[in-house]
Amino acid sequence: MHRQLLPHQSDAVNSIMNAINSQNISSMVISMPVGTGSTIVALEVFHRLYCNDKNKRTLFLLDYVQLCEQLRDNLLIESGDDVFRKQSVEIMTYQQFSETIDEKALSIFDYIICFEPSRTRPAAYPSLHEGTVAIGIVS
């Protein structure tokens, strides 16, 4: 599904993709005011990453279960259930992450997209493995 991005969303997506493609950066934080489409930006970034290489795995981290469900619904609508069948994406809360993911399991992800990482405690942040890119989206 193709979505029409607003100019500021397009700028954000292009900035993130340029940083990832430069391969000189392992983590970044992008700040967007509340209500300006940070979820749309994250979905577009994921879509572009997924279209570039369907074998790459992405972990989405969010504050609340309801946000996880909303994101999962949006991904199903836009990408179909292939992304889940192929295990290209995992969506969980920071609490689920801190309770279930160990260092070895974390190494399977190529990209980690964190929503509102500033609202959670530092112990919940993932430790990056070489080659993993973390993207923080803050409102």
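Helices here are DSSP runs of at least four residues, numbered from the N terminus. Keep in mind that you are looking at a predicted model. Within it, helix H2 spans residues 38–52 and helix H3 spans residues 65–79, while helix H1 covers residues 7–22.

**How H1 meets H2**

- The axes of H1 and H2 come within 9 Å of each other, and they cross at roughly 40°.
- That angle is why H1 counts as oblique to H2.
- If you want the handedness, the crossing of H1 and H2 is right-handed.
- On the H1 side, the contact is made by Gln9, Ala12, Val13, Asn14, Ile16, Met17 and Ile20. Their partners in H2 are Ile40, Val41, Glu44, Val45, Arg48, Leu49 and Asn52.
- Sorted by class, the residues of this H1–H2 contact are nine nonpolar, three polar and two charged.

**How H2 meets H3**

- H2 also packs against H3, at an angle of about 45° and with the two axes 11 Å apart.
- H2 and H3 are therefore oblique to each other.
- Here H2 passes H3 in a right-handed crossing.
- From H2, the residues Thr39, Leu43, Phe46 and His47 take part, and they meet Leu71, Asn74, Leu75, Glu78 and Ser79 of H3.
- The residues of the H2–H3 contact split into four nonpolar, four polar and one charged.

**The largest pocket**

- The largest pocket has a volume of about 270 Å³.
- It is lined by 15 residues, and those closest to its centre are Ser38, Thr39, Leu67, Phe115 and Glu116.
- Which helices each supply at least two residues of this lining? They are H2 and H3.
- The largest share of the pocket lining comes from H3, with three residues.
- By class, the pocket lining holds six nonpolar, six polar and three charged residues.

**The largest cavity**

- How many cavities of 30 Å³ or more does a search of the whole structure find? The search finds one.
- The largest cavity has a volume of about 30 Å³.
- Around the largest cavity you can pick out Phe46, Leu49, Tyr50, Asp53, Lys56, Thr58, Ser88 and Tyr111 as its lining.
- Which helix gives the largest share of this lining? H2 does, with three residues.
- The cavity lining is made up of four nonpolar, two polar and two charged residues.

Notes
Residues numbered from 1 in each chain as written. Predicted model: local features only at pLDDT ≥ 70, side-chain atom pairs only at ≥ 80, totals over all residues. Heavy atoms only, no water. 1 Å grid on protein atoms, 1.4 Å probe; cavity = no way out; pocket = protein on both sides within 12 Å on 5 of 7 lines; lining within 4 Å. Points joined across faces, edges and corners; volume = space filled by probe spheres on them. Nonpolar A, V, L, I, M, F, W, Y, C, P; charged D, E, K, R; others polar. Axes fitted to C-alpha atoms, helices over the stretch in contact; angles between N-to-C directions. Parallel < 35°, antiparallel > 145°, perpendicular 65-115°, else oblique. Left-handed = near helix turned anticlockwise from the far one by under 90°. Contact = heavy atoms within 4.5 Å.
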